[in-house]
Amino acid sequence: MRTRSQKWSLLLGATAFLALPLASSAQLSTYDIDARLGTESHIGNITGHAKDAKGDYRRYCVVCHGTLGDGNGESFPWVDPKPRDFQLGIFKCRSTPTGTLPTDQDLFDTIARGLDRSNMPQWSTFTKQQRADLVAWVKHFSPRWVNEKPGTPITIPPEPEVTAERIKAGRDVFARVQCWKCHGVQGMANGPSAATLQDDLGRPIAPFNFTDGSRPKCGETDQDIYRIFMTGLDGTPMPSFADNIKPDEAWDLVFYLRTFMSQKSKEKQMAKQLALKPVDPNAPAAQQ
Amino acid sequence: MRFSRHLQIRNLIHPATSLSALLLILISIVMTCSQPANALPAFARKYGLRCSACHESWPMLNYFGQKFKDNGYQLMNDRDSPIWQNPGYWPVTFRIIPIWHRVSTGKVAVDTYSSGNPLPTGSAIQRITTSGFDLSGLDFHTGGTLEKNFSFYVLPSSDNTASFHFETVMARLDNLFGSPWFNVKLGKFELDNLLSEKRILTLTGNGGIYQLYHFSPLTAAGVPDGNVWGKMGDNQLGLEVMGHSWNDRTRYSVALLSTNDGTPGLPYGNAYTGFFAASQAFDAGKAGVQRVGFYAMVGQAPTTWLTSGGPNGVIGGSGAGNKSFSREGFVGQFYFGQHIDLQVVTQHGQDNAWFGQGFGDLVDGVASGNNTVGTVLPAGSQSPSWNGVLLEPHYVYSPQLIFIGRFETIRMSQQASPGMASNFGNISTYTIGYRYNPFMTPRAGFAWHNEYNWLHQDGTGPIPGTNINTSELLLGFDFDF
């Protein structure tokens with residue numbers, strides 16, 4: 001027979017053990033999420049629910065993006081570039097015009113693609129539903145989604161055939177809109193402004209180096225590159241050139257940028273045959 | 001005898017009751033006061049990810065961690081090259097586990113003594129129960145990338161007396177020809193078991209291994225058969241080619257291994273084993289990514305040995321007279337949302353009749369027959385075969401707290417000798433436990449681990465036809481730095 005004290009100690013222990021999940025749950029009350037926890041995302045015929053992404057966010061994302069989505073997770077001091085502050089609702093990779101919110105599909109694609117040259121890996125291991133839920137979760141951090149609608153995705157005209165003339169025209173565009181000031185005349189991220197660049201939060205930021213084999217953050221297809229300089233990378237010094245470059249010229253620029261990249265390409269081969277020289281920063285066309 | 005056993009168990013229950021209550025309260029306090037996990041252990045500190053990104057619960061990998069491993073410990077971004085690291089960075093982790101455990105083994109044959117007589121006067125069957133503080137062995141893990149797409153892993157490991165061996169030593173060429181479908185690994189490494197024993201979540205003597213990965217049938221004499229090489233859970237020496245789709249949904253692995261159970265020095269003979277595994281994962285919406293696959297291990301091992309100076313003078317490396325063995329089965333990893341999953345492994349195993357009669361390994365000193373000229377098998381000898389299943393459910397309350405269950409059973413389908421009881425050597429075992437990480441620092445992992453295992457084997461008691469039960473309760477701190 002157990003003594004009375006043994007029974008009490010067993011009962012007390014069991015009660016404390018059963019209360020553990022409740023005690024642990026109380027730690028999560030610091031999240032300020034209640035008001036927008038009903039946020040949804042819509043990816044094709046999949047509907048994402050913010051509340052269903054809580055566990056995945058905690059497991060995979062919180063260390064960088066923080067419990068409040070402000071980018072102030074534990075890894076914040078150690079990673080460069082810094083994690084995205086979701087509360088601001090400002091995103092680099094969009095199909096929408098500069099200054100507008102991205103579409104759900106934009107965020108969905110970014111999660112799977114990851115962001116090269118950052119600590120954001122490719123989260124291609126999620127199911128589509130899990131990713132859609134995470135998109136809703138990301139959105140729920142910012143009140144922008146309550147008050148604004150995502151922008152209308154820009155129209156990307158069909159890609160024309162690459163020609164030597166187009167590559168040369170692309171070089172002219174590269175000179176005229178002064179891409180070289182940041183990216184350098186050979187795309188090596190060593191332009192005269194490169195060392196001075198800061199993002200919107202005043203943090204140093206490096207321009208993209210086309211020559212070192214890196215993948216552009218927001219996708220590496222020709223359409224992705226077109227989209228990047230026509231929408232800009234919000235929050236960074238990379239502006240939108242939608243008002244400065246006509247669609248046809250934008251394709252020319254895409255072809256010219258391909259000549260810098262280390263990957264084999266038709267453009268690179270053509271540039272070699274043309275013996276194309278880098279733009280001259282001192283030429284009048286580059287100083288306008 | 002029966003009475004005395006009851007007395008013994010009753011005496012254990014009373015202090016154990018108080019101890020359990022105290023431990024439960026202590027755990028409750030620790031858990032209630034703890035902070036959310038913030039961790040960057042091992043590889044994670046290279047990439048700035050918390051350990052839960054790759055581990056369902058350390059050390060067991062989740063899908064993202066499996067993909068990272070399959071890519072040669074790379075995230076496949078520009079941070080993979082060691083040049084990103086501070087020159088002082090070196091990816092070394094050590095792991096050792098101080099524990100308290102209580103082991104209880106039933107039906108041990110013990111000598112009995114009569115008063116005043118120093119020599120045994122008889123024998124009896126008794127349960128032996130031992131408890132106390134103890135240590136696990138020590139592991140030094142180091143691995144990572146030497147350069148983009150060149151990776152390595154070295155793991156010197158000791159037992160709890162600090163006797164070291166090399167558990168893993170391998171280098172890997174990743175993404176050959178720019179394709180994730182072609183990666184080559186050379187050295188001593190873990191076989192591509194989806195449910196990895198090296199990342200097992202349990203720690204007890206019986207529960208800390210997968211019985212299915214080490215099973216050997218018993219001979220009529222009650223000793224294991226002579227095949228010591230068909231152990232899928234042991235790291236093996238060889239060459240592996242593995243590949244996977246870009247998102248790791250589809251995986252395959254083909255390995256050619258020396259039949260030596262990972263023992264260096266060519267101690268056995270010219271025998272090889274093949275291991276093949278493949279799996280396919282598919283989306284199941286909110287349930288998560290499900291995976292099903294299969295594996296097969298097919299090999300040959302020696303039964304004949306050259307000797308020098310008599311039967312005991314076995315010449316290492318002289319093994320011949322190779323006979324075959326095989327292990328094959330299905331694997332499933334099923335997820336039911338973010339909290340519950342079930343890992344399943346099945347196995348059908350078979351050893352050649354020679355192994356079933358105890359022929360095989362002579363090198364390690366185990367008494368065994370030598371298949372020399374003129375040796376014949378006992379009449380009626382047949383290839384022992386068996387079927388087994390392993391079910392391991394988890395409840396992941398949070399990345400910091402996981403509850404573990406496991407049930408394994410192995411049933412003989414054909415004994416080595418016709419006269420043996422059909423259930424002789426059958427094993428059933430279950431394990432329950434939990435691991436709780438009260439905190440994680442950016443450089444280390446720490447878990448409070450509590451586990452209970454019970455193992456039952458048919459027919460192997462000292463009295464013929466009786467069964468053996470063994471149980472173990474374990475509490476410990478599992479930490480790595």
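Colleague: What is the hand of the crossing of α9(A) and α10(A)?

Modeller: Residues are numbered from 1 along each chain as its sequence is written, while chains are lettered from A and ligands numbered from 1 in the order in which they are written. A crossing is called left-handed if the near helix is turned anticlockwise from the far one by less than a right angle, and right-handed if clockwise. By that rule, the crossing of α9(A) and α10(A) is right-handed.

Colleague: At what angle do helix α9 (residues 222–231) and helix α10 (residues 247–260) of chain A pack?

Modeller: Helices here are DSSP runs of H or I with at least four residues, strands are runs of E with at least two, and both are numbered from the N terminus. Axes are lines fitted to C-alpha atoms, for helices over the stretch in contact, and angles run from 0 to 180 degrees between N-to-C directions. The axes of α9 and α10 of chain A are 9 Å apart, and the helices pack at an angle of about 115 degrees.

Colleague: How many charged residues does the contact of α9(A) with α10(A) contain?

Modeller: Two residues are in contact if their C-beta atoms, placed from the backbone, lie within 7 Å. On that basis α9(A) contributes A:Asp222, A:Ile225, A:Tyr226, A:Phe229 and A:Met230, and α10(A) contributes A:Ala250, A:Trp251, A:Leu253, A:Val254 and A:Leu257. Ala, Val, Leu, Ile, Met, Phe, Trp, Tyr, Cys and Pro count as nonpolar, Asp, Glu, Lys and Arg as charged, and the others, Gly among them, as polar. The residues of this contact therefore divide into 9 nonpolar, no polar and, as charged residues, 1.

Colleague: Against which elements of chain A do the buried residues of α10(A) pack?

Modeller: A residue is buried if 20 or more other C-beta atoms, placed from the backbone, lie within 10 Å of its own, exposed if 12 or fewer, and partly exposed in between. Because 11 of the 14 residues of α10(A) are buried, this helix is largely enclosed by the rest of the structure. The buried residues of α10(A) pack against α7 (164–176), α9 and α11 (266–274).

Colleague: Is B:Ser114 buried or exposed?

Modeller: The place of B:Ser114 is in the loop between β3 (92–112) and β4 (122–147) of chain B. Because 9 other C-beta atoms lie within 10 Å, B:Ser114 is exposed.

Colleague: Over which residues of chain B is the pLDDT below 50?

Modeller: Chain B averages a pLDDT of 86, and 87% of the residues score at least 70. Where pLDDT is low, the predicted coordinates should not be read in detail. In chain B the stretch with pLDDT below 50, which has 65 contacts in the model beyond near neighbours in sequence, is residues 1–40.

Colleague: What ipTM does the predictor give the complex?

Modeller: Chain A averages a pLDDT of 87, although its pLDDT stays under 50 over residues 15–29. For the complex, the predictor gives a pTM of 0.82 and an ipTM of 0.75.

Definitions and conventions: This is a predicted model: local features need pLDDT of at least 70, side-chain atom pairs count only at pLDDT 80 or more; totals for chains, interfaces and linings use all residues. pLDDT is the predictor's confidence in each residue, from 0 to 100.
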